[in-house]
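Hello,

Here is the structure I promised to pass on. My notes on it follow below.

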Amino acid sequence: MRTLLLLALLVQSVTAAEWTISTFAGTGVKGGTGDGGPATAAQIDNPFGLVRGPDGAIWFCEYTGQRIRRVAPDGTISTIAGTGKVGFTGDGGPALEATFNLPHELRFDAKGDLYIVDMTNHAVRKIDMKTKIITTIAGNGKPGYSGDGGPSKDAQFKQPHSIQFGPDGSLYVCDIGNNVIRKIDMKTGMISTFAGTGKPGVTPDGAPIAGTPLKGPRSMDFDKQGNLWIVTREGNQVLKFDLKAGKISHIAGTGAKGFTGNGGPAKEATLSGPKGISIDSDGNAWLADCESHSIRMVNMKTGNLELIAGLNQKGDGPDGDPLQCKMARPHGVFCDADGTVFIGDSESHRVRLLKKK
């Protein structure tokens, strides 16, 4: 057993050795200062979801900072939305004057407008990037599970976490408190339940999407083929939804919580409360494995789960070797088109950057 473990660690170190980690934004000190200056000199507050915008900038949510911030291509940071106070105000007015209650993730639509999951307001909000006006497009602000078949703005969610636009332009929402994924038809504004039964349960490999339970659908992304990938927080698994076949495939995680299996088959590994997923251009699945304070990657060529960054120890590590860089409950991960990987290292109050050497 010890020999196998050493071999697995050797294989893993070779893979992780291809990468270097650095700070992209934040000083490690919690705060909301630094607008107009270098992002690396700014204070940020619990970065979660992050994405590259159509303008070439990196945008991210500050979960407890109650703001949306943007790092321009020249490295300067600014606040785009939110006053920093907790609330549910501002609809119909400038996004900078709006209040949020734990904004969790953000995505851009094909027109370039920005959508934000406002988790504890149980809503999805939209910023028109031409006018900078904010509105609520889904959720009535009250926790619940209702509204299917009607307008999304009249529906109820329970702590929605993740959003992503599908190939047909529909907006998918991880309604984690209800253990379902909801789907908003952006042409009609109507909402429906796409997956999950409303109750947590085991998701068997090969099961149909319709009528199969999920256990804490937390974050999602689409691959180039139009498949929907999700991580389940309480389920501790990675699942792939083949929308054409209507089937679910088990990709990683036994369902037990843990930090085992690095360098070995992903299906036999254990995950620890994964909170973010992003699919890279090669089809590999990158995971923000929050409670192990690490970034792990499912290599789809080998089927193995690789540890790329983190030590399974909470902390605020140095730039350089990603396996010597402690992190603190990372929630966000985003694979850029050039292969760079951005990390919302939440409780270290940094956005980190993984690049190949």
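Let me start with Asp 345, which is found in strand β23 (residues 341-345); strands (E, at least two residues) are DSSP runs, numbered from the N terminus. At 0% relative accessibility, Asp 345 counts as buried (under 20% relative accessible area, with exposed over 50% and partly exposed in between; 1.4 Å probe, protein chains only). Its contacts (heavy atoms within 4.5 Å) include Pro 47, Lys 326 and Arg 352, leaving out residues up to four places away in sequence.

A word on the source: this is a predicted model, where local features need pLDDT of at least 70 and side-chain atom pairs count only at pLDDT 80 or more, while totals for chains, interfaces and linings use all residues. Residues are numbered from 1 along each chain as its sequence is written, and side-chain values use heavy atoms, with hydrogens and water left out.

Now the salt bridges (a side-chain nitrogen of Lys or Arg within 4 Å of a carboxyl oxygen of Asp or Glu): the whole structure holds 22. In one of them, Arg 352 meets Asp 316 at 2.7 Å, N to O. Arg 352 lies in strand β24 (residues 350-356) and Asp 316 in the loop between β21 (304-309) and β22 (332-335), so the pair ties together parts 36 residues apart in sequence. Arg 352 is buried, with a relative accessible area of 0%, whereas Asp 316 is partly exposed at 38%.

Another salt bridge joins Glu 291 and Lys 275 (3.1 Å, N to O). Here Glu 291 is partly exposed, at 27%, and Lys 275 is buried, at 7%.

Best wishes

Methods
Helix = DSSP H or I, 4+ residues; strand = E, 2+ residues; numbered from the N terminus.
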